[in-house]
Amino acid sequence: MRKFERRPVRWAVGLLALLMAGCATSNVLSVNYQLPMRPGEAIPRSVAIAFEDARKDQAFLSPSAREELEGFTDVFALTVTPPGRGGDLKGAYPLGPLFTEILRYRLEAAGVKVRPPGAGVDALFTFVLKEFRMDFGDRKWNAAVAYEGRLMKNATLLSQQAVNGSAERLMWMKKADAEKVVGELVSDAINQMDLVALFKQAGF
């Protein structure tokens, strides 16, 4: 069950063999980000991305969830799956770069050009993570996420949008079900953001 509400650099592990070995254990959690269908109108703008961790609780796993995923090193293996195609393993990332990479793929799929920080861009897209948490209890995985997407120019807020959601899944296969919950939650949360409305609100 997933519930959502919406209100108006790259970091990688060097060796692919090491990454694949990590994915086979509890050291790394796999996240399958499923891109949405491309919107009818492209967004011909350019942005740089900034990530801000504003979570009150910095721990992704609750104590009970960490017991089930013993050895997890807070690294996520990202796979990106375009509509109607197979997934492509992109690399392994800690939390901040994970969301930065996912957001980059989401923006580029909508026609937005993503450039490095410091480059000349139309706006700075600040991704503010408010909550990202996974719990385990009663043989269920429960996860929640909340964030704000903000378009800024010269430190001035142009527009913002907030999204929060939750998901749960019965545990049949410990790690596989945890990964399924996280992948679905992150995909739904990022795709829930209305990029066209966000850029229009900013005056673009």
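I looked up the neighbours of Thr-79 and found that, leaving aside residues up to four places away in sequence, Thr-79 touches Val-31, Asn-32, Tyr-33, Gly-87, Asp-88 and Leu-89, where a contact means heavy atoms within 4.5 Å. I note that this is a predicted model, in which local features need pLDDT of at least 70, side-chain atom pairs count only at pLDDT 80 or more, and totals for chains, interfaces and linings use all residues. Residues are numbered from 1 along each chain as its sequence is written, and side-chain values use heavy atoms, with hydrogens and water left out.

Is Thr-79 buried or exposed? Thr-79 counts as buried because its relative accessibility is 19%, given that buried means under 20% relative accessible area, exposed over 50% and partly exposed in between (1.4 Å probe, protein chains only).

I then turned to the aromatic rings, where rings of Phe, Tyr and Trp (its six-membered ring) pair if their centres lie within 6.5 Å, with planes under 30 degrees apart counted as stacked, over 60 as edge-to-face and the rest as tilted. By this rule I have eleven aromatic pairs. In one of them, Phe-136 and Trp-141, the ring centres are 4.8 Å apart and the planes stand at 55°, so the pair is tilted; both residues are buried. Phe-199 and Phe-204 also form a tilted pair, with 6.2 Å from centre to centre and 45° between the planes. Phe-199 is buried, at a relative accessible area of 2%, whereas Phe-204 is partly exposed, at 29%.
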